Amino acid sequence: MDVFLQLAILVGCAFYAVIAVAQAGDSGMAIHGWFFLILFVAWIVGICMRYGFGAPVWDQTRYEDGIIKWGVFATAFWGVAGFLVGLVIALQLAFPNLFYFEQFGWTNFGRLRPLHTSAVIFAFGGNALIATSFYVVQRTTRARLAGGLWPWFVFWGFNLFIVIAATGYLLGITQSKEYAEPEWYADLWLTIVWVVYLLVFLGTLWKRKERHIYVANWFYLAFIVTIAMLHIVNNLAIPVSFTSSTSVIVWAGVQDALTQWWYGHNAVGFFLTAGFLGIMYYFIPKRAERPVYSYRLSIVHFWTLIFIYIWAGPHHLHYTALPEWAQTLGMVFSVMLWMPSWGGMINGLMTLSGAWDKLRTDPVIRMMVVSVAFYGMSTFEGPVMSVRAVNSLSHYTDWTIGHVHSGALGWVGYISFGALYCLTQWLWKRRRLYSYALVEWHFWISTLGILLYITSMWVSGIMQGLMWRAYNEFGFLEYSFVESVEATHPYYVIRAIGGGMFLIGALIMCYNLWRTARGDLRAAEGDVAEADARPAAAPAE
């Protein structure tokens, strides 16, 4: 039944792809129709060759780790791809003629920018969350992933969505909603995949052998449920036709703006915050071999965070047509967010009580702890920027870009890198990582890159805000917009350098993970940082 139902879904999607190819309303839909058809047919053939139409027997005494290994690979791959595109568009902003090819529209900044954001947030971050959530829920429940073949459907289905979305951006297929650019058919496919993801996660919790549900699973569950709600409501659209790549959003005007930033801010709150807090609450205690500093504080952190975050979106719409009471509501809840956010930061940092020496001996722990520090910094800066008076200066400037990347690179990037180092060592059962010296190089190069990036954007952004509001003695604007663009050029160059350093660090990590998975050990390093070897032998399999 498991295999048959999956095959029925895939055959139905392949049949739709045939119709889309035959009656495509535009060239983009025709290309995606062929793309869907080839991939779905390959998927169907692969399942039939592997399992036939019977029900495979799953060994319930063993964890399903194969899918997590694929997740480690996908996370690293999409991370490098996303960082590379980010470097390209940073260079395009600093040197507009450097990567401009008039005959190749897909190289334009307008198409590469959403490719970068989606690759980093959804491809890199999404695969990190799926892989770690599948790892954590099995270890904390002492149960194999529920659903048999369905977890594989989630992994491959999600990555199919990423490929369709990414190629759509390059083809100019977009519904022009921030963090929600994929068109209706990609959104519909993601909805199917996400519902299966939720059922797999809930099914694993249901058959758990531990009485209590560990706090990391609460954060993962909140992330999965809320993202499903946000995705469906924000992306409600009416296709122009079922063989066209374009659609019309059901929301309009200020309602569309409010719905979009209810989605946009909570995508940050639940995808980039709650999900990665699940990583923090498992991997830092596990790596440090210390219990969570305060389990009670972690529960308070969870419930206050998810209640307050959902109301904070309107602060993106200060000085717009949105009613002022709604703007104020978003601002107040944003300021309130500072308290639970810092409660979580303190809980993560204080987990190292009695093990602070590991910061010196284990660079992976150091990376994860610095990620928590970046989390604290960006969750303080965010509420400050939500205040209307501050927002009048910061909005539409590079200060916002600096803020976003302090969270994305420092918090999301570093906690994900730490999880990848841990998972590679533990899943492939290696005594230690291939090289701790390479982890040190990764840490210091990328940290310097982050600091160059965010400080240049802070200076550039505040300068922009001040230039845009400067008036002369006659009441006219002191500076033209072009002058403000010219003034930001040095900071854009510094940003590109910082982004390049972050990419170099990620490449060093990928090499280290590859050598670790192969079982290589760098002999010259001797017995450095042996403390992280013990978790590899954790649960019996």
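Visitor: Where is the place of Glu 289?

Guide: Glu 289 sits in the loop between α8 (253–288) and α9 (295–309). Keep in mind that this is a predicted model. The phi of Glu 289 is near 55 degrees, a positive value in a residue other than glycine. With a relative accessible area of 35%, Glu 289 is partly exposed.

Visitor: Which value does phi of Tyr 319 come near?

Guide: For Tyr 319, phi is near 60 degrees, again a positive value in a residue other than glycine. Tyr 319 belongs to the loop between α9 and α10 (324–336), and at 54% relative accessibility it counts as exposed.

Visitor: Let's turn to charges. How many salt bridges does the structure hold?

Guide: The general idea is that side chains of opposite charge can pair when their charged atoms come close. Here there are ten salt bridges. One of them joins Arg 139 to Asp 65, with the closest N and O atoms 2.8 Å apart. Arg 139 is in helix α4 (residues 109–141) and Asp 65 in the loop between α2 (27–51) and α3 (66–94), so this pair ties together parts that are 74 residues apart in sequence.

Visitor: Are Arg 139 and Asp 65 buried or exposed?

Guide: Arg 139 counts as buried at 11% relative accessibility, and Asp 65 is buried too, at 9%.

Visitor: Which side chain meets Glu 210 in a salt bridge?

Guide: That is Arg 142, at 2.8 Å from N to O. This pair also links distant parts of the chain, 68 residues apart: Glu 210 is in the loop between α6 (184–206) and α7 (215–234), and Arg 142 in the loop between α4 and α5 (150–171). Glu 210 is partly exposed, at 33%, and so is Arg 142, at 42%.

Visitor: Which residues gather in a patch of negative charge on the surface?

Guide: Glu 473, Glu 478, Glu 483 and Glu 486 do. Glu 478 lies in the loop between α16 (436–468) and α17 (481–487) and is partly exposed, at 39% relative accessibility.

Visitor: How many disulfides does a search of the whole structure find?

Guide: A disulfide is a covalent bond between the sulfur atoms of two cysteines. The search finds zero. Take Cys 48: the closest cysteine sulfur, in Cys 13, is 15 Å from its own, too far for a bond. For Cys 510, the closest is in Cys 422 at 16 Å, also too far for a bond.

How values were computed: Residues are numbered from 1 along each chain as its sequence is written. This is a predicted model: local features need pLDDT of at least 70, side-chain atom pairs count only at pLDDT 80 or more; totals for chains, interfaces and linings use all residues. Side-chain values use heavy atoms; hydrogens and water are left out. Patches are made of residues with over 30% relative accessible area and no salt bridge: like charges are joined within 9 Å, nonpolar side chains (Val, Leu, Ile, Met, Phe, Trp, Tyr) within 5 Å. Accessible areas come from the Shrake-Rupley method with a 1.4 Å probe; for residues, only the protein chains shown count as cover. A salt bridge is a side-chain nitrogen of Lys or Arg within 4 Å of a carboxyl oxygen of Asp or Glu. Lys and Arg count as positive and Asp and Glu as negative; His and the chain ends are not counted. The place of a charge is taken as NZ of Lys, CZ of Arg, CG of Asp or CD of Glu. Helices (H or I, at least four residues) and strands (E, at least two) are DSSP runs, numbered from the N terminus. Buried means under 20% relative accessible area, exposed over 50%, partly exposed in between (1.4 Å probe, protein chains only). A disulfide is a pair of cysteine sulfur atoms within 2.5 Å.
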